[in-house]
Amino acid sequence: MGIQPVILDHPLIQHKISLMRDKNTGSKEFRELITEVTMLMCFEATRDLPLKEVEIETPIALAKTKVISGRKLAFVPILRAGMGMLDGVLKLLPAAKVGHIGLYRDPDTHLPVEYYCKLPSDISERDVIVIDPMLATGGSAIDAISQVKKRGVKSIKFMCIIAAPEGLEALTAAHPDVPVYIAALDERLNESKYIVPGLGDAGDRIYGTK
């Protein structure tokens, strides 16, 4: 049995996802909301970052306090929709490196087709968080994580905003060692493999394309 997924159902996250689901929410507001939700999720997904004690001089006195102890991080968005989450994570962790994996879903087979993969040269030395707003069939996430593992990465997490039960089951079966962070677990996939109720095509809503 794999690691249990973490569903981040904080009231702020639930509220912002409700606004994202609304078909009348435009691209500008949608992009702002996805950044805000991603920041709130990243806060929880990085809870286990190690700390070290340092001594700092405040305006009042010397203080022993803690900082992150040099853990190297990388974020890997799945193109193109995953790029919508990148600003949010980099606002919190601006020193992290970024890789990109390009996948699209074949309209007939619904299977992922890879067209691009560019990762930092030292990726094997980093903790990696793969990001994509939607986990539908799970195919893209499974393939992206497999590509990261091929580079020798030992610590991988996956973070998405909305997941379908079918995709979550497929991902945890394929990569039981990868912690999964979700903001909302929806009902199901429809015959076109879109998440119900979902929020439509995340890439189209981020970039205003149809």
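Reader: Hi! Quick one to start: is the crossing of H4 and H5 left-handed or right-handed?

Author: Hi! This is a predicted model, and in it H4 and H5 cross in a right-handed way. The residues that touch are Ala 141, Ile 142 and Ile 145 on H4, with Ala 170, Leu 171 and Ala 174 on H5.

Reader: Why give both an angle and a distance?

Author: Because those are the two values used to describe a pair of packed helices: the angle between the axes and the distance between them.

Reader: Got it. How do H1 and H2 pack, then?

Author: Helix H1 covers residues 11-21 and helix H2 covers residues 27-45; they pack at about 155°, with axes 10 Å apart. Angles over 145 degrees count as roughly antiparallel, so that is the label for H1 and H2. The crossing of H1 past H2 is left-handed.

Reader: Which residues make the contact there?

Author: From H1 they are Leu 12, Ile 13, Lys 16, Ile 17, Leu 19 and Met 20. The H2 side includes Glu 29, Phe 30, Leu 33 and Glu 36. By class, the contact of H1 with H2 has 11 nonpolar, no polar and three charged residues.

Reader: Changing topic: what volume does the largest pocket have?

Author: About 680 Å³. It is lined by 32 residues, and the closest to its centre are Leu 103, Tyr 104, Arg 105, Ser 140 and Asp 201.

Reader: Which helices and strands supply at least two residues of that lining?

Author: Strands S4 (73-79), S6 (100-105), S7 (112-118) and S9 (134-135) each do, and so do helices H4 (139-150) and H6 (202-207).

Reader: How does the lining split by class?

Author: It has 18 nonpolar, eight polar and six charged residues.

Reader: Last topic, the backbone. Where are there cis peptide bonds?

Author: One joins Leu 79 and Arg 80, with omega about 0°. Arg 80 sits in the loop between S4 and helix H3 (86-92). Another joins Val 196 and Pro 197, again with omega about 0°. Pro 197 belongs to the loop between strand S13 (195-196) and H6.

Reader: And what is phi for Lys 193?

Author: Phi of Lys 193 is near 65°, which is a positive value in a residue other than glycine. You can find Lys 193 in the loop between strand S12 (188-189) and S13.

Reader: Thanks, that helps!

Technical notes. Residues are numbered from 1 along each chain as its sequence is written. This is a predicted model: local features need pLDDT of at least 70, side-chain atom pairs count only at pLDDT 80 or more; totals for chains, interfaces and linings use all residues. Side-chain values use heavy atoms; hydrogens and water are left out. On a 1 Å grid over the protein atoms alone, a cavity is a set of points where a 1.4 Å probe fits but cannot get out, and a pocket is an open set with protein on both sides within 12 Å along at least five of seven lines; lining residues have an atom within 4 Å of a point. Grid points are joined across faces, edges and corners, and a volume is the space filled by probe spheres set on the points. Helices (H or I, at least four residues) and strands (E, at least two) are DSSP runs, numbered from the N terminus. Ala, Val, Leu, Ile, Met, Phe, Trp, Tyr, Cys and Pro count as nonpolar, Asp, Glu, Lys and Arg as charged, and the others, Gly among them, as polar. A crossing is left-handed if the near helix is turned anticlockwise from the far one by less than a right angle, and right-handed if clockwise. Contact means heavy atoms within 4.5 Å. Axes are lines fitted to C-alpha atoms, for helices over the stretch in contact, and angles run from 0 to 180 degrees between N-to-C directions. Angles under 35 degrees count as roughly parallel, over 145 as roughly antiparallel, 65 to 115 as roughly perpendicular and the rest as oblique.
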